[in-house]
Amino acid sequence: MIASVHFADIPVRSALGFLRKAPKAGSIEGLEHADIGIAAPLSASLRKSPSLHRVGLVAFWDSDDAVDRFLSDHPLARKLAGGWHTKLEPLRAHGSWPGLPSDTPRARTTEYDGEAVVLTLGRFRFLRAPRFFRTSAKA
């Protein structure tokens, strides 16, 4: 299992189309799950609002080769090509992550050698916004 994360600034008109629907599992060869959204800086302040042209894709793939094929051949990847992306091997997970195998370790600590990325996936809930902003401000 490989995860890929992509962020790019694209025209607002393209972003609105991009945000309408995430690719479904199997619609792209090797894709297990994908989530899309707009990117916003984490802050305790509501003044830093999301930018409608900065979009993100978090996807889970069955192999490293599937990500490479997506990056070289798919129209969605071409839309995101001017931005930033990375491939990650999930070491552990906390909570529910659609597309992540159920046998992914859940322990609080994980032995690894090298750099690590912490990725948070969540849905914004308006009623929980105050708690979300208080917590994210600490990050």
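The structure is a predicted model, in which local features need pLDDT of at least 70, side-chain atom pairs count only at pLDDT 80 or more, and totals for chains, interfaces and linings use all residues. Residues are numbered from 1 along each chain as its sequence is written, and side-chain values use heavy atoms, with hydrogens and water left out. The chain has 4 helices and 4 strands, where helices (H or I, at least four residues) and strands (E, at least two) are DSSP runs numbered from the N terminus. Along the sequence these elements follow the pattern β-α-β-β-α-α-β-α.

**Overall figures**

- The chain has 139 residues, of which 29% count as buried; buried means under 20% relative accessible area, exposed over 50%, and partly exposed in between, with a 1.4 Å probe and protein chains only.
- Of the contacts in the chain with a separation of 6 or more, 63% are between residues 24 or more positions apart; a contact means heavy atoms within 4.5 Å.

**The sheet**

- The 4 strands form an open sheet in the order β2-β3-β1-β4, with antiparallel pairing; two strands pair if DSSP finds at least two bridges between them.
- The edge strands, each pairing on one side only, are β2 (31–38) and β4 (84–88).
- From one strand to the next, the twist averages 10°; axes are lines fitted to C-alpha atoms, for helices over the stretch in contact, and angles run from 0 to 180 degrees between N-to-C directions.
- Strands of a sheet pair through backbone hydrogen bonds, either parallel or antiparallel.
- Strand β3 (residues 54–61) pairs with β2 in the antiparallel sense over 7 bridges, and I36 stands opposite L57 in β3.
- Helix α2 (residues 64–73) packs on the sheet and touches β1 (2–9), β3 and β4, its direction making about 25° with that of β1.
- β1 and β3 run antiparallel and are joined by 8 bridges; A8 has V55 in β3 as its bridge partner.
- β3 is mostly covered, with 7 of its 8 residues buried.

**The nonpolar cores**

- A nonpolar core is a set of buried Ala, Val, Leu, Ile, Met, Phe, Trp, Tyr and Cys residues joined through side-chain atoms within 4.5 Å.
- In soluble globular proteins, nonpolar side chains tend to be buried together.
- The largest nonpolar core has 19 residues, and those that touch the most other members are F18, L57, W61, F70 and L80.
- At least two residues of this core come from each of β1, α1 (12–20), β2, β3, α2 and α3 (75–80).
- With 4 residues, β3 gives the most to this core.
- Another core, of 8 residues, lies apart from it and includes V58, F60, W97 and L100.
- Leaving aside neighbours within four places in sequence, L57 is in contact with S4, V5, H6, F18, A34, D35, I36, F70, L76 and L80.

**Aromatic pairs**

- A search of the whole structure finds 2 aromatic pairs; rings of Phe, Tyr and Trp (its six-membered ring) pair if their centres lie within 6.5 Å, and planes under 30 degrees apart count as stacked, over 60 as edge-to-face and the rest as tilted.
- The F7 and W84 pair is stacked, because the ring centres are 6.2 Å apart and the planes are at 25°.
- F7 lies in strand β1 and W84 in strand β4, so this pair ties together parts that are 77 residues apart in sequence.
- F7 counts as partly exposed at 35% relative accessibility, and W84 counts as partly exposed at 48%.
- The W61 and F70 pair is tilted, because the ring centres are 5.0 Å apart and the planes are at 40°.
- W61 counts as buried at 1% relative accessibility, and F70 is buried with a relative accessible area of 2%.

**Two further residues**

- H33 is found in strand β2, and its side chain makes a polar contact with the side chain of D35 at 3.1 Å.
- A polar contact is a pair of N or O atoms within 3.5 Å; within protein, one must be able to donate a hydrogen and the other to accept it, and residues adjacent in sequence count only if both atoms are side-chain atoms.
- Not counting residues up to four places away in sequence, H33 touches V58, A59, F60, P98 and G99.
- T104 is in the loop between β4 and α4 (129–138) and counts as buried at 9% relative accessibility.
- A polar atom of the T104 side chain lies 2.8 Å from the backbone oxygen of P101.
- Leaving aside neighbours within four places in sequence, T104 is in contact with R92 and A93.
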